[in-house]
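Reader: Can you walk me through this model? I'd like to start with the charged pairs.

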Amino acid sequence: MAAAAGDGSVKPLQCAMKLANGAIELDTGNRPREAYTEYLRSIHYISQVLLEEVEATKEAGETVTSDTSKMLKLAEQCLERAQSTAAKLGKTCLRPAMPVAAPVPSPASRHRRVYSDEGGKLSPFLPPEIFQKLQVVESQSSKKELTPLEEASLQNQKLKAAYEARMARLDPSQAMQKTSLTLSLQRQMMENLVIAKAREDTLQRKMEERRLRLQEAANKRFCSQVALTPEEREQRALYAAILEYEQDHDWPKHWKAKLKRSPGDLSLVTSLVSHLLSVPDHPISQLLKKLQCAVYRALYPIVSKGAAPGCCSLPPDADGLLAPGSRRLRPSQSLYCMPSPLEPSPAPRPLDGPCASPPRPGSPAGPPSPQLLGKDSSFEDLEQFLAPPERRGRGPGERPEPQIPGLRKEPMLEQLKGTVQDIHDAIDRLLSLTLLAFEGLNTAASKDRCLACIEEPFFSPLWPLLLAVYRSVHRLREEALSRSMELYRNAPPAAVGVPTRLLPQDPEAAGAGPYPYCAAAQELGLLVLESCPQKKLECIVRALRVICACAEDYYRARETALQPGIAAIGADDLLPILSFVALKSGLPQLVSECAALEEFIHERYLIGEEGYCLTSLQSALSYVELLPRRALGK
């Protein structure tokens, strides 16, 4: 830990990830006591770093950074694994003394699990009605102005309290004064109510006149020769509500003035949209909550009834990550966001569940030798790797995958396609309404920035549920990838075709890491901590940049006479290295993550650097997925 903490060139988050990975490797090697100690050291390191950060930023008043929230999630996961390891150690100590092992209660969890509709089956996700209540609680708790009648009622309560206090001080002989005070109180209370009623009538009349005026302005904005669709009518009503909101609040006018003064300032766009969506009573913010609840209601039945006939069931390890022999973690918002340790097992065993396929005859019981995968034939058939599983070629002697009668993915796929379309429509509605409210955002660069700012709060509460559906659809691929990761977890880089010239000359040198391209695998592991597609894509891009930087360093250490302007790594070298990095990440869920990213990333990113990086990672995952099959064919 001291070595990791003392390296000033490495971010604290990467140091924490390195410590956690070391604990996971010990856990994988069936060394629970050492793993338990390392988990506690990781938590201690994270706590120390966060305390130093708080002390350093106390006077500056800075907000919590994104790295801080990631480190808190990492500490939470380390604590969960430490609890699970401690329970395992306790179970090991009890086993020799007891002929029959008594059931050990699982550690208490802070996350509240709720019952789904499947006959009392526990589900890690909240029911839609509870989710909706949590989404609207902010807007309900916002401060509300009192009406004239409510103000008059408060004034009358104060008058009555003062009247009772004065009456208590009078003697019984002062009957005339008591009568006078009573009549005065009644008169004042009646006057207050009459005045308040007149004010409220006047206010309602003015509000109705303003509403009609703003409705007319909205009608002019949405004028059309043909009849408006229901969606356009709803958009017009929302625009009228925005105009009415701007009549009562001044901050939208200030932001519009700032946009007019600095039309090309993208940081101003980010601040504006973030502030807009943080105001709970703004119509756009209320629409965001409404659309989130609609998507959640559509996704929840797919997840809670995933095991129903005619649908592909959810992964059996819905409490954790698909990995042979891995422990189950408690469900939380990040239950699909942390790698599970790949515990050793004598041979890859089939996962439980209706979609799991039995082991094929002739499957290798251990890691194939690196010679089985020649460098020349590693990537000669990428089209076959990227093809759907049913179209991929099978090795000699392999039988077709058994098909279970009545098991079909089409209903879930169709529901997922419909929900994906609803999500696209919802984001388009939010974007168009924001551009209507703030015309200064109607430029290409501002639109892209505005879209990115809308996606982050929109996807944050929905991504765990959405990813659960994608993982169910891609379950068989995740199982195959998990088996490959277990079989090849100790394989050298040459086993996947990484050339020697792009490997470190001295792997034991200081700062070299436990294995080549370790920094890239750690950067790729940060992807699962994010809940926004754009930020997940940025993690992939950073991981590939780290690969290129490491490859340059390794090559320069071997070849001193490197010609200027010529890169040490090409496309043919990138795919084997990326396959090795994906193999070392230990994250089978990357298959589902990439499938979801491909669906929700903006089109302009798919034709640039981001799209190339995403496609490269998908190619590498497909190759790693087929490693055992290729070894069997050889």
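Author: Start with Asp201. Asp201 makes a salt bridge with Lys197, and their closest N and O atoms are 3.0 Å apart. A salt bridge here is a side-chain nitrogen of Lys or Arg within 4 Å of a carboxyl oxygen of Asp or Glu. This is a predicted model, where local features need pLDDT of at least 70, side-chain atom pairs count only at pLDDT 80 or more, and totals for chains, interfaces and linings use all residues. Residues are numbered from 1 along each chain as its sequence is written, and side-chain values use heavy atoms, with hydrogens and water left out.

Reader: Where do Asp201 and Lys197 lie?

Author: Both are in helix α7 (residues 175–221), four residues apart, about one turn of the helix. Helices (H or I, at least four residues) and strands (E, at least two) are DSSP runs, numbered from the N terminus. An α-helix has 3.6 residues a turn, so residues three or four places apart point the same way.

Reader: Which salt bridge does Glu478 form?

Author: Glu478 pairs with Arg471, at 2.8 Å from N to O. Both of these residues are buried.

Reader: And what does Asp573 pair with?

Author: Arg501, with an N to O distance of 2.7 Å. Asp573 lies in helix α19 (residues 571–585), while Arg501 is in the loop between α16 (475–487) and α17 (518–525), so the pair ties together parts 72 residues apart in sequence. Asp573 is buried at 11% relative accessibility. Arg501 is partly exposed at 31%.

Reader: How many salt bridges in total?

Author: The count is 17. Glu234, Lys290 and Arg429 are linked in a network of them.

Reader: Switching to the nonpolar core. Which residues touch the most other members of the largest one?

Author: Phe438, Phe458, Leu466, Tyr517, Ile540 and Ile547 do, out of 137 residues. Helix α13 (residues 410–437) gives the most to this core, with 12 residues. A nonpolar core is a set of buried Ala, Val, Leu, Ile, Met, Phe, Trp, Tyr and Cys residues joined through side-chain atoms within 4.5 Å.

Reader: What does Phe438 touch?

Author: Leaving out residues up to four places away in sequence, Phe438 touches Trp251, Pro252, Trp255, Lys256, Leu259, Leu272 and Leu276. Contact means heavy atoms within 4.5 Å.

Reader: Leu272 and Leu276, then. Which residues of α10 are buried?

Author: Leu268, Val269, Leu272, Val273, Leu276 and Leu277. Seen down the axis of α10, they fall within an arc of 155°, so they line one face of the helix. The arc is that of the directions from the helix axis to the C-beta atoms.

Reader: What should α10 span?

Author: Its 13 residues (266–278) should span 18 Å at 1.5 Å a residue, and the end C-alpha atoms are 18 Å apart, which agrees. The expected span is 1.5 Å times one less than the number of residues.

Reader: How many residues of α17 are buried?

Author: Seven of eight, so to speak mostly covered. The buried ones are Cys518, Ala520, Ala521, Gln522, Glu523, Leu524 and Gly525. They pack against α2 (12–28), α18 (533–558), α19, α20 (590–600) and α22 (609–625).

Reader: You mentioned α22. What does Gly611 touch there?

Author: Gly611 is in helix α22 and touches Tyr605 and Leu606, not counting residues up to four places away in sequence. Gly611 is buried, with a relative accessible area of 4%. Its C-alpha is 8.6 Å from that of Glu598, which is 13 residues away along the chain.

Reader: Now the whole chain. How many helices and strands?

Author: 23 helices and two strands. Of the 634 residues, 44% are buried. Among contacts with a separation of 6 or more, 77% join residues 24 or more positions apart.

Notes
Buried < 20%, exposed > 50% of the residue type's maximum accessible area, 1.4 Å probe, protein only.
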